Amino acid sequence: MRCPYCASDEDRVVDSRPAEGGAAVRRRRECRGCGQRFSTYERTEQALVVVRKRSGELEPFTRDKIVAGMEKATKNLPLAPETVRRAGAAIEARVRSLGRREVPSEVIGAEVLAALRELDDVAYVRFASVYKGFTSSQDFARELANLQHREP
Ligand SMILES: [Zn+2]
């Protein structure tokens, strides 16, 4: 790493520690040329994933959007915010592990449904009602029946 003070390429790492909540590693370096210290940050390269919506529109995939949708579905339910955030992180990891640049919104919706189904029945039905576009009480009844028939 080139020294910002004297442009020497020779340095040694004197300290490494996690930064940005573990998303990065901060390395403290000491130039062998002039002895000045400087820091570098190392992060994983995160490929941009885009979501193709049913309308055909593309939008950047973000964990925040998933978490926001789940928070809406779990509003006023006895779930710790941390539980929802962790589920959002797990969904992001699974979506990224597909290794696709473009992911249909249906795939993400199905992931969110599966996660909410694990967390809370009410949250699941709330999300499903919006996501699947319920228009009648029969839609709700069918979804509730599905829930009751699931294997324990
Ligand atoms: Zn230097």
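Which residue in E3 is the bridge partner of Ala24? I looked it up: Arg43 in E3 is the bridge partner of Ala24.

**Entry 1: ground rules**

I am working on a predicted model, where local features need pLDDT of at least 70, side-chain atom pairs count only at pLDDT 80 or more, and totals for chains, interfaces and linings use all residues. Residues are numbered from 1 along each chain as its sequence is written. My helices (H or I, at least four residues) and strands (E, at least two) are DSSP runs, numbered from the N terminus.

**Entry 2: domains**

I checked the domain assignment for the protein chain. It gives domain 1 (11-43) and domain 2 (50-149). Such bounds come from an automatic or database domain assignment. Taken over C-alpha atoms, the centres of domain 1 and domain 2 are separated by 39 Å.

**Entry 3: the E1-E2-E3 sheet**

I traced the open sheet of 3 strands, whose order is E1-E2-E3 and whose pairing is antiparallel. E1 and strand E3 (37-43) are at the edges, each with a single partner strand, so one side of each has no neighbour in the sheet. On average, neighbouring strands of this sheet are turned by 25° against each other, direction ignored. For the angles, axes are lines fitted to C-alpha atoms, for helices over the stretch in contact, and angles run from 0 to 180 degrees between N-to-C directions.

I then went through the pairs. Two strands pair if DSSP finds at least two bridges between them. E1 and strand E2 (residues 24-31) pair in the antiparallel sense over 8 bridges. E2 and E3 are also antiparallel, over 7 bridges. Pro18 has Val25 in E2 as its bridge partner. The hairpin of E1 and E2 has 4 residues between the strands, and Glu20 in this hairpin takes a positive phi near 55°.

**Entry 4: the segment before E1**

I looked at Arg2, which is in the segment before E1. Is Arg2 buried or exposed? Arg2 counts as exposed because it has 12 C-beta neighbours inside 10 Å. The cut-offs: buried means 20 or more other C-beta atoms within 10 Å of the residue's own, exposed means 12 or fewer, and partly exposed is in between, with C-beta atoms placed from the backbone. Leaving out residues up to four places away in sequence, Arg2 touches Ala7 and Asp9. Contact here means C-beta atoms, placed from the backbone, within 7 Å. I also took the C-alpha to C-alpha distance from Arg2 to Ala23: 23 Å in space, for 21 residues in sequence.

Ala7 lies in the segment before strand E1 (11-19). Its phi is near 70°, a positive value in a residue other than glycine. Most residues other than glycine have a negative phi. Ala7 is exposed, with 10 other C-beta atoms within 10 Å.

**Entry 5: the E5-E4-E6 sheet**

I moved to another open sheet. It has 3 strands in the order E5-E4-E6, and the pairing is mixed. Strand E5 (58-60) and strand E6 (102-104) are the edges, each with a single partner strand, so one side of each is left without a neighbour in the sheet. Neighbouring strands of this sheet are turned by 35° against each other on average, direction ignored. Strand E4 (residues 50-52) pairs with E6 in the parallel sense over 3 bridges. Arg52 stands opposite Pro104 in E6. Helix H3 (residues 105-119) packs on the sheet and touches E4 and E6; the direction of H3 makes about 65° with that of E6.

**Entry 6: helices and loops**

How do H2 and H3 meet? Their axes come within 10 Å and cross at roughly 145°. I listed the contacts: Thr83, Ala87, Ile91, Arg94 and Val95 in H2 meet Ile108, Glu111, Val112, Ala115 and Leu119 in H3.

Asn76 sits in the loop between helix H1 (63-73) and helix H2 (81-97). Asn76 has a positive phi of about 65° although it is not a glycine. It is exposed, with 6 other C-beta atoms within 10 Å.

Which residues of helix H4 (residues 121-131) are buried? I found Ala123, Tyr124, Phe127 and Ala128. Seen down the axis of H4, these buried residues fall within an arc of 130° (the arc of the directions from the helix axis to the C-beta atoms), so they line one face of the helix. Just after H4, Gly133 takes a positive phi of about 65°.

Methods. Contact = placed C-beta atoms within 7 Å.
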